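Thank you all for making the time this morning. I would like to walk through one structure slowly, beginning with the overall fold and then stopping at a few individual residues.

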Amino acid sequence: MNKDIEKICLRKKTIAAGVRRAAHWLDQQLCGCAKTPLFIAVLKGSVIFFCDLVRAMKTPVQMSFMTVSSYGSGTESSGVPKITTDLSVDVAGRDVVLIEDIVDSGHTLLALKTFFEQRGVTSFRTVTLLDKPSRRKIPINADYSCFKIGDEFIVGYGLDYNEMHRTLPYIGILKKDIHIGTK
């Protein structure tokens, strides 16, 4: 275990099983789509989950990426998500699936849902690796969440603190003395 981690919350095998369940759910949801669905990863936190998820699916998908920031270098959402890298593809008339690492306050999810609806998508679904309902400020949920978690600051499997710990193969609670004073 990494020295900055207080406790492992989700081990590699547990995460893999959650990814397989999400892939199965998506395969069922997308079986009648007229066009190849477009999967969009919100970088950087969701990229590991995103890659594992699309590889576990039977449905062929197209992929795109965007960057949205609401945390900066802190441990709490600013509440004002900002699209820092927009899509390079037109989403009008497409079945879009947004892949997120975590739904926390709900601000980013609501902003992105509005963003895609305004761009004329045919359908919009959201899948998140982690759901932290205790932090919700906006009454919104992902269509599918792999795991619900408590109000700890977590890292690993794509999630970071100051760009560190993304490559851990598990999800763990970051020791408080690592991130104290950054809220």
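**Overall fold**

The protein chain has 4 helices and 9 strands, where helices (H or I, at least four residues) and strands (E, at least two) are DSSP runs, numbered from the N terminus. Read along the sequence, these elements follow the pattern β-α-β-α-β-β-β-α-β-β-β-β-α. The radius of gyration of the protein chain is 16 Å, close to the 16 Å that the globule rule gives for 183 residues, so the chain is as compact as a globular protein of that length; here the radius is taken over C-alpha atoms, and the rule is 2.2 Å times the number of residues to the power 0.38.

Before going further, please keep in mind that this is a predicted model, in which local features need pLDDT of at least 70 and side-chain atom pairs count only at pLDDT 80 or more, while totals for chains, interfaces and linings use all residues. Residues are numbered from 1 along each chain as its sequence is written, and side-chain values use heavy atoms, with hydrogens and water left out.

Taken along the principal axes, the C-alpha atoms of the protein chain fill a box of roughly 50 × 35 × 25 Å. Buried residues make up 50% of the 183 residues in the protein chain, where buried means under 20% relative accessible area, exposed means over 50%, and partly exposed lies in between (1.4 Å probe, protein chains only). The accessible surface comes to about 9,300 Å², of which 52% belongs to carbon and sulfur atoms; such areas come from the Shrake-Rupley method with a 1.4 Å probe, and for residues only the protein chains shown count as cover. Among contacts (heavy atoms within 4.5 Å) between residues at least 6 apart in sequence, 67% join residues at least 24 apart.

Which residues of helix α2 (residues 47-56) are buried? They are F49, F50, L53 and V54, and they cover an arc of only 120° around the axis, which puts them on the same side of α2, the arc being that of the directions from the helix axis to the C-beta atoms. As a general point, an α-helix has 3.6 residues a turn, so residues three or four places apart point the same way. The buried residues of α2 pack against α1 (12-29), β2 (38-43), β3 (62-69), β5, β6 (123-131) and β7 (144-148).

In strand β3 we find S64, which is buried, with a relative accessible area of 3%. Not counting residues up to four places away in sequence, S64 touches L38, F39, I40, A41, F50, L87, S88 and V89.

K82 is found in strand β4 and is exposed, with a relative accessible area of 55%. Leaving aside its neighbours within four places in sequence, K82 is in contact with T67, V68 and S69, and the C-alpha atoms of K82 and T67, 15 residues apart along the chain, are separated by 8.4 Å.

D90 sits in the loop between β4 (82-85) and β5 (95-103), and at 58% relative accessibility D90 counts as exposed. A polar atom of the D90 side chain lies 3.1 Å from the backbone nitrogen of A92.

**Backbone geometry**

In general, most residues other than glycine have a negative phi, and most peptide bonds are trans. Here, a cis peptide bond joins L43 and K44, with omega about 0°, and K44 is in the loop between β2 and α2. In the loop between β8 (154-155) and β9 (171-174) lies Y157, whose phi is near 50°, a positive value in a residue other than glycine. E163, in the loop between β8 and β9, has a positive phi of about 65° although it is not a glycine. Y157 counts as buried at 7% relative accessibility, whereas E163 is partly exposed at 47%.

**Cysteines**

How many disulfides does a search of the whole structure find? The search finds 0 disulfides, a disulfide being a pair of cysteine sulfur atoms within 2.5 Å. The sulfur of C9 is 15 Å from the closest cysteine sulfur, in C146, which is too far for a bond. C146 is in no disulfide either, and the nearest cysteine sulfur to its own, that of C51, is 14 Å away. As for accessibility, C9 counts as partly exposed at 32%, whereas C146 is buried, with a relative accessible area of 10%.

Note on methods
Polar contact = N/O pair within 3.5 Å; in protein donor to acceptor, adjacent residues only side chain to side chain.
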